[in-house]
Amino acid sequence: MKYDVIIIGAGPGGIFSAYELTRLNPALNIAVYEAGNPLDKRHCPIDGVKVRSCIRCRTCAIMNGFGGAGAFSDGKYNITNDFGGSLHEYIGKKQAIELMEYVDEINMARGGEGTHMYSTAATKFHKICLQNKLHLLNASVRHLGTDKNYVVLENLYDELKDKVTFFFRTPVEEIEVLEGGGFRVKGASFGEAECSRCIVSVGRSGSKWMEEICRELAIPTKSNRVDIGVRVELPAEIFSDLTDELYESKIVYRTEMFEDNVRTFCMNPNGIVVNENTNGIVTVNGHSFEDPAKKTKNTNFALLVSKHFSEPFKDSNEYGESIARLSNMLGGGVIVQRFGDLIRGRRSNVKRIEECTTEPTLGATPGDLSLVLPKRILDGIVEMIYALDKVAPGTANDDTLLYGVEVKFYNMEVELDKNLETRHPGLFIIGDGSGVTHSLSHASASGVYVARHICSGRSEIL
Ligand SMILES: Cc1cc2nc3c(=O)[nH]c(=O)nc-3n(C[C@H](O)[C@H](O)[C@H](O)COP(=O)(O)OP(=O)(O)OC[C@H]3O[C@@H](n4cnc5c(N)ncnc54)[C@H](O)[C@@H]3O)c2cc1C
């Protein structure tokens, strides 16, 4: 088969490339190759009863398939250049924001209407945070919620399925650069196909494959960051001043002891704490819902410390995975500990968790996080909990729950030009798989950007 454009991966990056390409040039012959299933066939077998841990499905329903890694996420679209990726360094701050706003408009028109857009602009919390050595980052946050996020994806698929050829359960294994221009992609499940332009958007789950492809095609890469920490759960009232006004506040604290940055991440007012299974390693995450019936009495958020490594160590993700494996070994999965137990140097046990006034929303194993997390990371987290206690009194209560570990993995950064194009003209790498983005909004915006570039003629298409 020969296509004008082949898109590899149907996460937000791939979806929005396909959307914009079909909008700008309906005549284009476009194929999307996706390793996972269509949205309605994505079901993780772990139900906590019959299947309690990962059975290593052929493709992971959580990470792979139409909608990508974010399909069952909380659907928080952060419109900002302050976090979520470095797209603005390639395409400029103004354009990056405009593209994120454009993605938001599309989502609103496909099921997201009526959802709330929060903003940190002109909030009193900037000052309160600064007075307490905390830095509130600027952002507008569209909160779709897990339920509406799914509806938006369903609608996008319905719209695209007749304009684009989708191949599901078809991982691409090789990309060959053709003499005279164009590319040949190959995979055991489909054979091979050729295209003039190839957009690779394989996200975090495709990171190891992406590294191989870059090695084979001599595309330079660099990597060395992983974020490690815990998920904090406490009564929603404690953070309600912040969450009512901002929903998601990204707050950064610089520790006194080591001058490390600790930051809040993925805040879920009235949400639930959940297990996240990545390739058999169970870490912790959080969700919240728009539907009032699904709301809980608790708010949860992550506290993460970024670890950057220097030579000779190269595998920052393996470091994060090893720490997560350690918690899985000790707790059979995620460990939960009361803050009061942590600072008294004792483990939480079933009795202490049962007596805890904060009711856990995840059935994790009571234990001792100090046996899992490196001291430097744990010290930073404890310092930040005390700093947050000054802006949200009650954060440092004994009954605040800490779940561990939460790990945020980063892809290596691929060498790209300002068009997100590799040294092979016509081969674009976008979204989280490029290392340029780490979020729904940035990944989606990168897809729109490359589609526009291809259709502009500057990429000498076809
Ligand atoms: C549980 C969870 C919650 C999240 N919540 C949020 C949130 O609220 N807000 C936010 O901004 N971000 C969130 N994120 C991050 C967000 O999901 C990602 O930043 C975003 O999905 C990246 O989009 P992408 O298209 O680059 O990659 P992905 O979404 O990872 O999609 C890549 C796709 O490529 C496919 N693929 C991989 N390799 C191949 C191959 N060789 N051949 C064919 N297909 C392949 C995969 O199956 C996958 O479907 C969350 C992530 C997770 C895991």
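Predicted model: local features only at pLDDT ≥ 70, side-chain atom pairs only at ≥ 80, totals over all residues.

Visitor: How many residues surround the ligand, and which are the closest?

Guide: A residue is near a molecule if its C-beta atom, placed from the backbone, lies within 6 Å of it. Here 41 residues surround the ligand, and the closest are Gly9, Gly11, Gly68, Gly203 and Gly431.

Visitor: Which classes of residue make up the shell around the ligand?

Guide: Ala, Val, Leu, Ile, Met, Phe, Trp, Tyr, Cys and Pro count as nonpolar, Asp, Glu, Lys and Arg as charged, and the others, Gly among them, as polar. The shell around the ligand has 23 polar, 12 nonpolar and six charged residues.

Visitor: Which helices and strands each supply at least two residues of that shell?

Guide: Helices (H or I, at least four residues) and strands (E, at least two) are DSSP runs, numbered from the N terminus. Helix 1 (12-24), strand 3 (76-79) and helix 12 (440-455) each supply at least two residues of the shell.

Visitor: At what angle do helix 1 and helix 12 pack?

Guide: Axes are lines fitted to C-alpha atoms, for helices over the stretch in contact, and angles run from 0 to 180 degrees between N-to-C directions. Helix 1 and helix 12 pack at about 35°, and their axes are 7 Å apart. Among the residues that make the contact are Pro12 and Gly13 of helix 1 and Leu440 and Ala443 of helix 12. By class, this contact of helix 1 with helix 12 has 12 nonpolar, six polar and two charged residues.

Visitor: What does Ala443 contact, leaving aside its neighbours within four places in sequence?

Guide: Two residues are in contact if their C-beta atoms, placed from the backbone, lie within 7 Å. With those neighbours left aside, Ala443 is in contact with Gly11, Pro12, Gly13, Gly431, Asp432 and Thr437. Ala443 lies in helix 12 and is buried, with 32 other C-beta atoms within 10 Å.

Visitor: Is Gly114 buried or exposed?

Guide: Gly114 counts as exposed because it has 8 C-beta neighbours inside 10 Å. This residue lies in the loop between helix 3 and strand 4 (116-119).

Visitor: Which features of the backbone deserve attention?

Guide: Most residues other than glycine have a negative phi, and most peptide bonds are trans. In this model a cis peptide bond joins Gly404 and Val405, with omega about 0°. Val405 is found in strand 20 (residues 401-409). Tyr247 has a positive phi near 60° and is found in the loop between helix 7 (236-246) and strand 13 (251-254). The phi of Cys266 is also positive, near 55°, and Cys266 is found in strand 14 (residues 261-268).

Key
Residues numbered from 1 in each chain as written. Buried ≥ 20, exposed ≤ 12 C-beta atoms within 10 Å, placed from the backbone.
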